[in-house]
Amino acid sequence: MNQDLLTRCSNAAAPSGFEGPVRSIIRQELGGITQITTTTAGNIVCELKGSGGPTVALLAHMDEIGFMVQGITPDGFLLIVPLGGWWNHTLPSQRVRVLTRSGRSIPGQIGTKPPHLLPESQRHAVMPNDALFIDIGASSAEEVAACGITIGCAVTPDVQLQPLDLPHRWMGKAFDNRAGVYCMVEAMKRLAAEKPACTVLGIGTVQEEVGTRGARALECTPDLAIVLEGPPADDTFGQSATCRQGVLGQGVQVRLFDPTNITPPALGDFALRLAAEQGIPCQPTVRRTGGTDAAASYPQWHGTPAIVFGVPTRYIHSHNGILDDRDLDACVNLTCALTHAVRDLQLTIDD
């Protein structure tokens, strides 16, 4: 496991619309081995030319969920709107960083009215977004302005990657989707050394968390799209053990369905068979909820077959997630294996 890369990916402060730091990481890692272009929307496309044949796109969205400063009160508190889908149960008292236009990173904390001062009817309720604010320790709007904070500044969790005491386990922020970015970068580096026959596009997309906007703005039409993600694990306390499909340490998820994309059955079967043949641990997955950049397949890529490979992660869409680095390895391995085998893939529609 490339600890340095995972650390930089996870720690990068890059919510939806502010993906520059992750774009820079991808450029640093792949600039010497691929031809890189940046689209008007902010997507980064890293092309690895093959000797002909199909084009395979490896997509990973660069953004994480975060906030934007919506207002500044006279007594120095920052009002916020969410960028992406937060679970508000997790937010009060969490540490954050406010990112100024000049590049400063200002520490603060998410605050709300203390329960001691709430009526009984509200004391056990989830705080809505408009009841949350950020406290940077200021006492006036003038002090906030002196820090360089203005309306429109981005806000991210103040979390640093760290290993847990058990082997292979890591805790950090933004694994949705820096786990996918990590896998895309590592797969592209390996494929560059192995020289596949097909052309490979390593793509970092923007604004997935607010509606898969970057993927929908792509102008390329690949023959196959492999979407690399950090989806929710389902192996924690209180969840049914009878139908777990995202268990840490048991391999890459191969998603066959979610409400935004149906993986072509021939493609899903091919990927699972390939994993079995090569001894790559994997977990076939059907999800009732959620969605990924694969949703862009039909409106944007004219129905390009798309499959999602995921690194199961506990507690996504919160300040801290937990993953297993063996699942990162499995995701990279299956991504490379499918890319090499794409010429053997036969997608047929049975009438």
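## Cysteines

Cys243 is exposed, with a relative accessibility of 51%. This residue belongs to a predicted model. The cut-off for exposed is a relative accessible area over 50%, so Cys243, at 51%, counts as exposed.

Across the whole structure, a search finds zero disulfides. Cys243 is in none, and its nearest cysteine sulfur, in Cys282, lies 15 Å away. For Cys336, the closest cysteine sulfur is that of Cys331, at 9.5 Å, which is too far for a bond. A disulfide requires two cysteine sulfur atoms within 2.5 Å, and the 9.5 Å between the sulfurs of Cys336 and Cys331 therefore rules out a bond. Cys336 has a relative accessible area of 3% and is buried, whereas Cys243 is exposed.

Six strands form a closed barrel in the order 4-5-8-7-6-9, and their pairing is antiparallel. From one strand to the next, the twist averages 45 degrees.

Strand 6 covers residues 95-99 and strand 7 covers residues 105-111. The two run antiparallel and are joined by five bridges. Arg95 has Gln109 of strand 7 as its bridge partner, and Val96 stands opposite Gly108, also in strand 7. Strands 6 and 7 make a hairpin with five residues between them. In this hairpin, Gly103 adopts a positive phi near 100 degrees.

Strand 6 also pairs with strand 9, which spans residues 154-157. That pairing is antiparallel and has four bridges.

## Nonpolar surface patch

Which residues form a nonpolar patch on the surface? The patch is made of Phe257, Ile262 and Val286, and together they have about 270 Å² of accessible area. Phe257 is located in strand 14, which runs over residues 252-258. With a relative accessible area of 31%, Phe257 is partly exposed. Patch residues need over 30% relative accessible area, so Phe257 passes that cut-off at 31%.

Helix 1 spans residues 3-11 and includes Leu6. Leu6 is buried, at 0% relative accessibility. Buried means under 20% relative accessible area, and Leu6 therefore falls in that class at 0%.

Leu6 and Trp170 are 164 residues apart along the chain. The distance between their C-alpha atoms is 9.8 Å.

Technical notes
Residues numbered from 1 in each chain as written. Predicted model: local features only at pLDDT ≥ 70, side-chain atom pairs only at ≥ 80, totals over all residues. Heavy atoms only, no water. Pairing = 2+ DSSP bridges. Axes fitted to C-alpha atoms, helices over the stretch in contact; angles between N-to-C directions. Patch = residues over 30% accessible without salt bridge, like charges linked within 9 Å, V, L, I, M, F, W, Y side chains within 5 Å. Areas by Shrake-Rupley, 256 points an atom, 1.4 Å probe, with all protein chains shown as cover. Salt bridge = Lys/Arg side-chain N within 4 Å of Asp/Glu carboxyl O. Buried < 20%, exposed > 50% of the residue type's maximum accessible area, 1.4 Å probe, protein only.
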